[in-house]
Structure formats: structure tokens, C-alpha cells
Amino acid sequence: MKVSVINQGSNRLLLQPSVLEVLSGEGDSTVLKRSERCLWVEPESDELSLEPNSRGDFSFRVQPPPASPTGGYRFALAFIPKQEKPGGIAFTGGLAVLLELEVLPPPPAPGGPIFPYVLLATCSALVLATAILVIWRIKRRAKGTVG
């Protein structure tokens, strides 16, 4: 999945991607939290550098584990300004994109649903073979009594 970020400012931006799960808090509040599910969404790299008035595409790989519970999940794909020089204090904000993910139930096993069709085909073949045998015997008896 790709996210496009545009630097509309006049300074170079160095952004650090982060993934947070969006949870419902008390009342109508929303809580952003790091959780184990955040590992389902993996950023392509540790930073995104944008020159002034430029646009950059950033990719995330979304892959829930095979045994994940079905249902809807929400994540915030956040881009937080990264300090190039440690020790300084930055008062700039970041941005986030909301990702809604739905985990569907796994598809049925490959051998499971074919059984009724095999049973139906076998029964149909037996009925057809029995009908042919009955018709053949009737015709044979009819030939034997006429001739």
C-alpha cells in the first residue's frame, strides 16, 4: 500500500514513519496506541526525506498473521518529524493517514466442499448405469419373446 506525502513548506523535511492502532477510548474518545497488531503493517524504510514543495510516495506492507481473528481494525500511519541533530527540541507536528483493515475468514479447505459433489456424481452415475441395464434387459426380453 502506498501513501503520498506532500511537503508544502519551504524547508526540507525528514519524517519517521510509525504505525499506531486506533482504539475507542472512554466516551467518544479515540486512543492511538502501539500494540502487537501494529506489526501487521510494516513501513518500507525508517525515514522519508522531502525537499521543499515536493511529493514523496511511501509504501507499507500489510500482512496480518494467518491465524488473525476476523473483524475490522484501524491503524494510524503516522509521519513524525525526525530530528537530524540529537538533543534539540522540535515543536513541529506530524501527519497521519487512517488505514481501515478488515480480516476475512479463511477460505474453505481444498478437500472439504468437494465431497458432496463427488457423492452426487457417483449416485448419478449409478442411477444412470442401473437405468441402462434395466432398459437393456427389457429390450432383450422383448426380442426373446417375439422371435
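**Entry 1, a charged pair.** I started with aspartate 57, which forms a salt bridge with arginine 55, the closest N and O atoms being 3.8 Å apart. My cut-off for a salt bridge is a side-chain nitrogen of Lys or Arg within 4 Å of a carboxyl oxygen of Asp or Glu. Aspartate 57 is partly exposed at 42% relative accessibility, and arginine 55 is exposed at 57%. I call a residue buried under 20% relative accessible area, exposed over 50% and partly exposed in between (1.4 Å probe, protein chains only).

**Ground rules.** I am working on a predicted model, where local features need pLDDT of at least 70, side-chain atom pairs count only at pLDDT 80 or more, and totals for chains, interfaces and linings use all residues. Residues are numbered from 1 along each chain as its sequence is written, and side-chain values use heavy atoms, with hydrogens and water left out.

I searched the whole structure and found five salt bridges. One of them joins arginine 37 to glutamate 21, with the closest N and O atoms 3.3 Å apart. Arginine 37 sits in the loop between strand 3 (30-33) and strand 4 and glutamate 21 in strand 2 (residues 13-24), so this pair ties together parts 16 residues apart in sequence. I take strands as DSSP runs (E, at least two residues), numbered from the N terminus. Glutamate 21 is buried at 4% relative accessibility, while arginine 37 is partly exposed at 31%.

**Entry 3, the sheet.** I found three strands in an open, antiparallel sheet, in the order 1-6-4. Strands pair here if DSSP finds at least two bridges between them. Six bridges join strand 1 to strand 6 (residues 54-62), and valine 5 stands opposite glycine 56 in strand 6.

Note on methods:
Helices (H or I, at least four residues) and strands (E, at least two) are DSSP runs, numbered from the N terminus.
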